[in-house]
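User: Please take a close look at one part of this model, a pocket and what lines it, and then follow the account into the neighbouring topics of helix packing and sheet pairing. Give the cut-offs behind each term.

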Amino acid sequence: MRIAVVGAGLGGVAAAVGLHRLGHEVTLLERGARLREAGTGIVVMPNGLRALDALGLGEDVRGHVVHTARGGLRDRLGRPLLVTDLTRARREVALPAMIDRAELHRALRAPLPSELVRTATPVERLEPGPTGVTVISDGSPVVGADAVIAADGLGSTLRAQVFPTHPGLRRTGRMDLRGMLPRPSGLATELLASQLVDRRSGAMFGLFPVGADRLYWFTDSPLHGPPPRADEARRQVLSLMADWHPLVTTLIEATPPGAVYVDPITCLAEPLPSFAAGRIAFLGDAAHAMSPDLGQGASQAFEDAAALCGHLAGAEPADVAQRFLRYDAERRPRASRMMLAASRQSRLTSRTGVAAWLRDTLLRAVPSRLASRQLAALWHA
């Protein structure tokens with residue numbers, strides 16, 4: 001079949017590679033002038049790794065699995081709240097991979113022939129017909145396809161076209177400041193793969209190793225008013241976290257300004273009514289943009305890509321709408337559950353006052369064995 005994939009983010013590239021390997025005639029359309037990913041680190045959860053394995057793309061990524069003994073939640077001073085034994089979890093399920101986002105994108109797109117990619121092609125709309133879909137860019141048709149995969153990201157233009165009554169995105173009232181830097185010598189390891197939370201402000205700081213020599217950190221803090229520039233956001237966060245564990249401000253201050261990014265945390269206001277509409281299917285953030293609290297954004301996109309390839313294996317043009325309905329039935333319930341779980345986790349970690357004190361008290365009472373088992377269950381689902 002002729003399949004157009006709109007959007008060359010991580011999920012779109014993975015889907016394009018998988019569909020090309022199935023023998024379909026794939027065109028990958030990207031609004032940017034070249035294929036690239038900017039940013040810092042990204043976590044690929046074990047379920048995401050399994051999806052990449054299904055696409056034949058998991059081998060390189062598995063070399064970036066996080067090897068730390070413990071993780072979990074801690075208070076702002078680094079004292080344990082909920083400890084997860086990652087060694088125990090590893091006996092039940094593989095561990096996450098932590099990788100540079102640009103490096104991951106390069107690895108995923110490497111098998112895709114360059115002639116299948118059209119850059120500098122912003123897609124404005126789709127025009128479905130009785131036997132196919134025409135893709136419109138700059139007012140003109142650019143591709144005629146038997147099927148279209150809409151992977152155009154958080155602010156998806158195609159989602160708004162296909163579901164005009166959907167409320168779209170909502171801001172959570174929080175911002176994400178993140179960065180990556182070389183790993184300092186003599187770094188204490190007890191905070192690796194952990195998240196620190198503060199019951200006074202509801203802010204959070206997380207830290208993960210990227211390979212043997214780099215660290216990825218991220219924060220989640222209240223956002224009042226318009227999102228600030230990265231330099232101003234860093235000043236705000238440093239002030240907010242001045243009396244946290246000293247490693248927090250040390251790492252933020254040591255990160256080069258060009259390696260610091262800030263975004264308002266945004267997610268879908270409510271789940272989509274369907275991931276499929278005739279010959280059009282949605283993938284990744286375009287389908288289920290969620291808060292980053294479970295680190296599942298990329299992994300859910302990879303699950304989408306693997307499911308789409310599974311349902312389109314051996315498909316012919318007349319089969320598309322039915323195959324996409326099966327994809328929707330497989331993926332929408334799970335992705336919607338993950339959206340809700342991420343939202344619940346956000347509410348848990350951002351609590352303040354008495355509610356946060358109760359949270360911390362209850363978390364300290366959870367045995368490490370139980371916490372590790374629950375973590376493995378989430379990754380294995």
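Analyst: By class, nine nonpolar, six polar and four charged residues make up the lining of the second largest pocket. Here Ala, Val, Leu, Ile, Met, Phe, Trp, Tyr, Cys and Pro count as nonpolar, Asp, Glu, Lys and Arg as charged, and the others, Gly among them, as polar. The model is predicted: local features need pLDDT of at least 70, side-chain atom pairs count only at pLDDT 80 or more, and totals for chains, interfaces and linings use all residues. Residues are numbered from 1 along each chain as its sequence is written, and side-chain values use heavy atoms, with hydrogens and water left out.

The second largest pocket holds about 270 Å³ of space. A pocket is an open set of points on a 1 Å grid over the protein atoms alone, where a 1.4 Å probe fits, with protein on both sides within 12 Å along at least five of seven lines; lining residues have an atom within 4 Å of a point. Points are joined across faces, edges and corners, and the volume is the space filled by probe spheres set on them. There are 19 lining residues, and those closest to the centre are Arg 170, Cys 267, Met 339, Ser 343 and Arg 347. Two or more lining residues come from each of β12 (169-182), β16 (260-268) and α11 (320-349). Helices (H or I, at least four residues) and strands (E, at least two) are DSSP runs, numbered from the N terminus. The most, seven residues, come from α11.

α11 also packs with α10 (residues 297-312), at an angle of about 160 degrees and with the axes 9 Å apart. This makes α10 roughly antiparallel to α11, a label for angles over 145 degrees. Axes are lines fitted to C-alpha atoms, for helices over the stretch in contact, and angles run from 0 to 180 degrees between N-to-C directions.

As for the sheet pairing, β8, β9 and β10 form an open antiparallel sheet in the order β8-β9-β10. β8 (123-128) and β10 (140-145) are the edges, each with a single partner strand, so one side of each has no neighbour in the sheet. Strands pair if DSSP finds at least two bridges between them; β9 (residues 133-137) and β10 have five. Ser 137 has Ser 140 of β10 as its bridge partner. In the loop between β9 and β10 lies Asp 138, which has a positive phi of about 50 degrees although it is not a glycine.

Conventions: Angles under 35 degrees count as roughly parallel, over 145 as roughly antiparallel, 65 to 115 as roughly perpendicular and the rest as oblique.
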